[in-house]
Amino acid sequence: MEKKINVGLIGFGAAGQVFHAPIILSVDGLRLHKVSARKPEQQQLLRERYPDAIGVSSAEEIINADDIDLVVVATSNDMHYPFAKAALLAGKHVVVEKPFTNTHGEADELIELAASQDRLLSVHHNSRWHSDFMTVKKINQSGRLGRVVAFEARFDRFRNALRENAWREADLPGSGILFDLGAHLIDQAVQLFGLPTAVNADLRKQRPGAQAVDDFELILHYPQHLKVSLKGAMLVKEPTPRYALYGMEGAFVKPGLDPQEAMLKAGAIPRDYPDWGEEAEEIRGKLNVLENGSDHIEYVVSERGDYPAFYRNIRDAIGGKAELIVKPEEARNVIYIIEMAEKSWDEGRTVELSF
């Protein structure tokens, strides 16, 4: 029986509670061994949900622990870089919650450090395993749309009041929904179409008193006249299509949300659900294409979402059994595109990209 990989989770706020702890618990070969939880209510929740995990009060107790193999950084964005750096220097494998870092320079430094330490470094771009995105990817690869000329993706919410003491809404590096939600959409676009050649951005602070971006639109430029539009907003009360692919032979439009996040927020553990990640029939995407000179319309059964696949790959990559899927260089490119989007908005122009 192979030795389990002991995982130390730094941060037991929303990201740690929802997107990391229950997934780690569901992956064979990983052990949620130590968790840093600062607030009393977090410590209580940790004892109730994960009685086998050891609660600690500081990140250093995880980073410097001899019995930790993999450190997961699930803190506020400003601490991603220093905690990841410290963990790599301590000889640990590292997973960082997205966004990777606040600057691509910090990301480059971590990538070089991981290589010099011969340690795995990855970033939690779990949206690659959303049911809706996996379905869009399948349709895009199928060729049924012909040459794709446009892709639109949205990540909207409705929250018309600011949250008190929320770091994501403060005037801080890495705050705002461009780093939070935009990082997902940029990574997905690159997975579909590769790296863009230029970016044009519209970044706004629309709610009264807003200090961080709460509405964004990015136009990513590609060869062959492909246009990619990525949008996110905090004042969208009525649902809009999550994804739309338009091609020379037709279109695919996908409404609805991947069900995994809602289930995790409700306390579900993926290993307890044989049908984990299955979407409801009513939010299937609509495919409308020309085939043999006639219109063909069908509602496509969605792929099953699979958040645990990220950590299965981390386990296998550490064990030398698989290639790392979410490479840190890819996450670094996401941060670079975000930086250039900010430059685009500040200077009022399209910015050429150089990777």
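I began at Glu-97, which stands opposite His-124 in β6. This is a predicted model, where local features need pLDDT of at least 70, side-chain atom pairs count only at pLDDT 80 or more, and totals for chains, interfaces and linings use all residues. Residues are numbered from 1 along each chain as its sequence is written, and side-chain values use heavy atoms, with hydrogens and water left out.

I looked up β5 (residues 93-97) next: β5 and β6 pair in the parallel sense over four bridges. Strands (E, at least two residues) and helices (H or I, at least four) are DSSP runs numbered from the N terminus; pairing takes at least two DSSP bridges.

I then traced the open sheet, whose six strands run in the order β3-β2-β1-β4-β5-β6 with parallel pairing.

**Cores**

Which residues touch the most other members of the largest nonpolar core? I found Phe-151, Phe-193, Phe-216, Leu-218, Val-228, Leu-230 and Leu-245, out of 45 residues. Such a core joins buried Ala, Val, Leu, Ile, Met, Phe, Trp, Tyr and Cys residues through side-chain atoms within 4.5 Å; buried means under 20% relative accessible area (1.4 Å probe, protein chains only). Helix α7 (residues 177-193) gives the largest share, eleven residues. Apart from this core I noted another, of 37 residues, including Leu-45 and Ile-269.

**One last residue**

I ended on Asn-333, in helix α10 (residues 328-347). Asn-333 is buried, at 15% relative accessible area.

Conventions. Buried means under 20% relative accessible area, exposed over 50%, partly exposed in between (1.4 Å probe, protein chains only).
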